[in-house]
Amino acid sequence: MWHWQAPHPDWTPGEPWPQDVSSYAIDDGVRVLLFDPLAVPSEILELATGREPMVVLTAPWHERDTQSLVERLGVPVFVPAPDTADDLVRKFGITREEADGGSPDVAWLLAGGRGEAHLYSAGDRLPIGIEAFLGKEHNDLVLWIERRRAVIPGDTLVDFGRGLHINEWLLGGVTREQVVERLRPLLALPVEVVLPTHGAPTDHAALERALSL
């Protein structure tokens with residue numbers, strides 16, 4: 001299992017999250033799974049060429065370097081569905097004209113012909129040994145990787161410098177209590193490591209604190 005951080009190319013000083021974001025890779029001997037990948041280190045890319053590389057996105061807006069990896073390695077991509085026009089109207093209060101057909105996230109991938117897309121949603125068990133839990137938004141998912149006893153919590157659980165917590169600025173129209181209820185089943189699992197995309201790896205105790213009421 002690998003963890004690395006890199007500056008997000010779309011970050012601006014006004015963002016509520018730090019510029020450096022985390023990515024992860026897991027090698028199971030057959031596949032190399034790249035989670036929310038950005039600036040993948042060369043040694044991991046070299047390893048991936050001798051395995052079956054795959055990209056797993058916790059949210060469609062975490063595509064980051066996915067397109068270049070598809071072009072370079074031909075990797076299949078597991079990704080939640082991007083926001084529809086209705087989703088954007090509901091989330092941001094914009095008009096349908098402004099929503100203009102929905103989010104552009106991974107549009108290049110879903111248009112076909114430029115990569116192998118596998119859409120998944122909360123409640124799915126991916127064929128690569130991952131279970132998806134509903135996060136704060138319908139397409140921001142929290143992943144449980146049983147073989148590694150690892151949780152990857154997308155943007156729902158983050159660490160902006162004050163410990164792992166439920167992300168206040170992420171939209172979704174749900175309360176903190178509702179998010180806790182959605183993720184409470186994780187506390188019954190043998191979680192050993194939590195791998196946030198905003199923040200550094202942490203442990204089960206941090207997960208318990210984040211989901212306490």
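A residue is called buried under 20% relative accessible area, exposed over 50% and partly exposed in between, judged with a 1.4 Å probe and protein chains only. The model examined here is predicted, so local features need pLDDT of at least 70 and side-chain atom pairs count only at pLDDT 80 or more, while totals for chains, interfaces and linings use all residues. Residues are numbered from 1 along each chain as its sequence is written, and side-chain values use heavy atoms, with hydrogens and water left out.

Along the principal axes, the C-alpha atoms fill a box of roughly 45 × 45 × 35 Å.

Of the 213 residues, 50% count as buried. The accessible surface comes to about 9800 Å², and carbon and sulfur atoms account for 50% of it; such areas come from the Shrake-Rupley method with a 1.4 Å probe, and for residues only the protein chains shown count as cover. As for charge, the protein has 18 positive and 33 negative side chains, and the centres of the two sets lie 5 Å apart. Here Lys and Arg count as positive and Asp and Glu as negative, with His and the chain ends not counted; each charge is placed at NZ of Lys, CZ of Arg, CG of Asp or CD of Glu.

Aromatic rings come next. Rings of Phe, Tyr and Trp (its six-membered ring) pair if their centres lie within 6.5 Å; planes under 30 degrees apart count as stacked, over 60 as edge-to-face and the rest as tilted. By this rule there is one aromatic pair. The ring centres of Phe 160 and Trp 169 are 6.3 Å apart and their planes meet at 10°, so the pair is stacked. Phe 160 is partly exposed, at 21% relative accessibility, and Trp 169 is also partly exposed, at 32%.

Ile 130 belongs to strand β8, which covers residues 130-134, and is buried with a relative accessible area of 2%. The C-alpha atoms of Ile 130 and Asp 28 are separated by 13 Å, although the two residues are 102 residues apart along the chain.

Some loop residues are buried as well. Pro 80 sits in the loop between β5 (76-79) and α3 (85-92), and its relative accessible area of 1% makes it buried. Beyond its neighbours within four places in sequence, Pro 80 is in contact with residues including Leu 57, Pro 60, Tyr 120 and Leu 141. Thr 156, in the loop between β10 (150-152) and β11 (157-158), is buried at 0% relative accessibility. Its contacts, again not counting residues up to four places away, include Gly 135, His 165, Leu 170 and Leu 183. From Thr 156 to Arg 64 the C-alpha distance is 18 Å, across 92 residues of sequence.

Finally, two residues other than glycine have a positive phi. Ala 39 has a phi near 50° and lies in the loop between β3 (31-35) and α1 (42-49), where it is partly exposed at 42% relative accessibility. Val 106 also has a phi near 50°, but this residue, in the loop between α4 (96-99) and α5 (107-110), is buried with a relative accessible area of 0%.

Technical notes. Helix = DSSP H or I, 4+ residues; strand = E, 2+ residues; numbered from the N terminus. Contact = heavy atoms within 4.5 Å.
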